[in-house]
Amino acid sequence: MPVDGQAKLAVYKFSSCDGCQLSILDLEDELLALAERVKIAYFLEARRHVDPGPYDVGLVEGSISTPEEAERIIDVRRECKFLVTIGACATSGGIQALRNWADVEEYKRTVYAHPDYIRSLDTATPVAAHVLVDFELRGCPVNKYQLLEVLGAYLTGRRPQIPTYSVCMECKRSGNVCVMVAHGTPCLGPITQAGCGALCPSYHRGCYACFGPSDSAGPRSLCRFFMERGLARPDIVRMLRGFNGYLEPFKQTSDEYESDHIRYG
Amino acid sequence: MVGNLYIIEKARLDDLIRLLREDGCRVVGPTIRDGAIVFDEIASAEQLPRGWTDVQEAGHYRLERRTDDAYFGYVVGPYSCKRYLFPPRQRLFSITRNGRPLSGFDVDVTSASPPRIAFLGVRACDLAALEIQDRVFNAEYADPYYRDVRRSAVLIAVNCSEPGGTCFCSSMQTGPRCTRLFDLALTELPAAFAAEAGTERGRALLERLSPQPADRNVQHLVELMLESAAEHMGRALDTRELPEILLQNPEHPHWNRVAERCLACANCTLSCPTCFCSNVEDSTDLGGSRAERWRSWGSCFTLEFSYHTGGFSRSSVRARYRQWLTHKLAGWHEQFGMSGCVGCGRCITWCPVGIDVTKEATTIADDVRRADVAERGARERSR
């Protein structure tokens, strides 16, 4: 943490949709206060001007999906004292990690007229699979207030308060009626990390696990329950392999449900 | 008049709500929201779920139409009075730098004047839960917010004549009849309410509702209805020696079987009317000039709950479930002189995967009791 003056902030993009970077710009009411405490030194989504590194804090959006990215993330680590991944892509590989279960060459041939122009890795992986990460902030996209909390905690020199318990904690505190129990809607909230403020259940929808598995997630029990209530195996595999399917224990449980020889229930 | 049974017309219910509001109370009563009957602020009897009932099973809750137009023909919803006395999130105080050399900080202790609440339709299990919460929050070291809301709260209770699928208050000896704490207790009859005042405040309210003394037939009918309700609980729990059995069998294999199903999601504890744990967190603003301290509902099912220097003392889900159940059904007796469970069934209904506290405790207890009997038999044979 900088003793005086402003901390130098860098924001990087890898394979991603830019939504998490936009969460920073969405901090409309807090942006001026933030700009007083940090110098936005590198943030191509927001400004063309670039101050050279090293930087105090680096925020990384996106997964590592190309050979070029696998090299660049090492440079990014070198120039940042405190490296934070923001969002599902950077933290779990994101939605593009679905390729990890598929034939990437076949995808290229199907999608692109000239597949030979495409240089990509066979897998999309989280940043932490490549370099040491100081803090991982979950979400698809991240919650902007959690982002502010991480930056504020860094500037104050304290631990950020980012709970790792289930979405149900936020849902019950909000006074929602449980969509699973009262409506029969399959919901991943019980095994998903809090952070969104139970957004989907507040609008009578099941949780999609945008924030990845909670610290104590037991997907097997929940999925067994879903099967008893009529969901098919492929449905369960698709539910687990959403935004964070490549994070454990979602990965292992979805693999088990995909392979026919393991039976539950 | 206190303690005697009276009859009031059903139409007086709306008058009762109006009177309470005129007295400056927010009336909090059952009403339908998002497919469930929840406690919320109401302004008239029209907002009550008249003609509706709830079907409750483990991990299952649905509303259904009744064949009659009863006002209180259902049991408890996902939340209890706890929400109003011990709010899910509350700012305790804030500190702001004032730039002065000596004092340095301004401290603002949250002292919002608490609302005066009249709870309408509180059931016997929830009254028992209030009694428990009183020992937690309103005893030697009182929580000021709880104390203030509780002191001014008006409690209009309703006796349960039709228990729900996950109810077991008769096992816990907390219901279905309201026996304490209430200002006014109603029993819904087909064409009227039987009403009993429990306090002077309740008597004063009742007097304004044109009460007629109930004759012996009505008294007898109320008795029969509540006796029948006690015999038709959806669940049961044999509490004989249960605290000893649970505390003496921390390694029983059934704890593992529950842990395989438990999601550690904390729904049971947050819907429980007696669970009182909270988490206290400090936050700072970006400029470093202001800090706030917040209290929010916590749960022994979270990993962070047992975090201390050296790590987590209950990292397994098994340890957390066992902690919760043994505290609720056993440790509570030592701590507060009563069980922590009132038999409302919320933890059963609102568990997303339908884990049933009565079944889990019974499985362990029956197993231990059977083993005890077998051991005794073997001893006698060998004599």
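User: Is Asp34(B) buried, partly exposed or exposed?
Analyst: Count the C-beta atoms, placed from the backbone, within 10 Å of the residue's own: 20 or more others make it buried, 12 or fewer exposed, and anything in between partly exposed. Asp34(B) has 16 such neighbours inside 10 Å, so it counts as partly exposed.

User: What kind of model is this?
Analyst: Residues are numbered from 1 along each chain as its sequence is written, while chains are lettered from A and ligands numbered from 1 in the order in which they are written. Local features need pLDDT of at least 70, side-chain atom pairs count only at pLDDT 80 or more, and totals for chains, interfaces and linings use all residues, as this is a predicted model.

User: What is the phi of Asp34(B)?
Analyst: Most residues other than glycine have a negative phi. Asp34(B) is not a glycine, yet its phi is positive. It sits in the loop between β2 (26-33) and β3 of chain B.

User: Is Ala266(B) buried or exposed?
Analyst: Ala266(B) is in the loop between α9 and α10 of chain B. Its phi is positive too, about 85°, although it is not a glycine. It has 28 C-beta neighbours inside 10 Å, so Ala266(B) counts as buried.

User: How are α9(B) and α11(B) oriented to each other?
Analyst: Helices (H or I, at least four residues) and strands (E, at least two) are DSSP runs, numbered from the N terminus. Helix α9 (residues 254-261) and helix α11 (residues 317-336) of chain B pack at about 110°, with axes 8 Å apart (lines fitted to C-alpha atoms over the stretch in contact; angles run from 0 to 180 degrees between N-to-C directions). Under 35 degrees counts as roughly parallel, over 145 as roughly antiparallel, 65 to 115 as roughly perpendicular and the rest as oblique. So α9(B) and α11(B) are roughly perpendicular.

User: Which residues of α11(B) meet α9(B)?
Analyst: Two residues are in contact if their C-beta atoms, placed from the backbone, lie within 7 Å. From α9(B) come Trp255(B), Asn256(B), Val258(B) and Ala259(B). Their partners in α11(B) are Val317(B), Arg318(B), Tyr321(B) and Arg322(B).

User: How many residues of chain A are in contact with chain B?
Analyst: Chain B brings 41 residues to this contact. They divide into 19 nonpolar (Ala, Val, Leu, Ile, Met, Phe, Trp, Tyr, Cys and Pro), nine charged (Asp, Glu, Lys and Arg) and 13 polar (the others, Gly among them).

User: What is the radius of gyration of chain A?
Analyst: The radius is taken over C-alpha atoms, and the globule rule is 2.2 Å times the number of residues to the power 0.38. With 265 residues, a compact globule would come near 18 Å. Chain A agrees with that, because its radius of gyration is 20 Å.

User: Which residues is Arg119(A) in contact with, leaving aside its neighbours within four places in sequence?
Analyst: Arg119(A) is in the loop between α5 (104-111) and β5 (135-137) of chain A. It has 9 other C-beta atoms within 10 Å, so it is exposed. Its contacts, with those neighbours left aside, are Thr66(A) and Pro67(A).

User: Is the peptide bond from Gly53(A) to Pro54(A) cis or trans?
Analyst: Most peptide bonds are trans. Pro54(A) is in the loop between β2 (38-43) and β3 (55-61) of chain A. With omega near 0°, the bond from Gly53(A) to Pro54(A) is cis.
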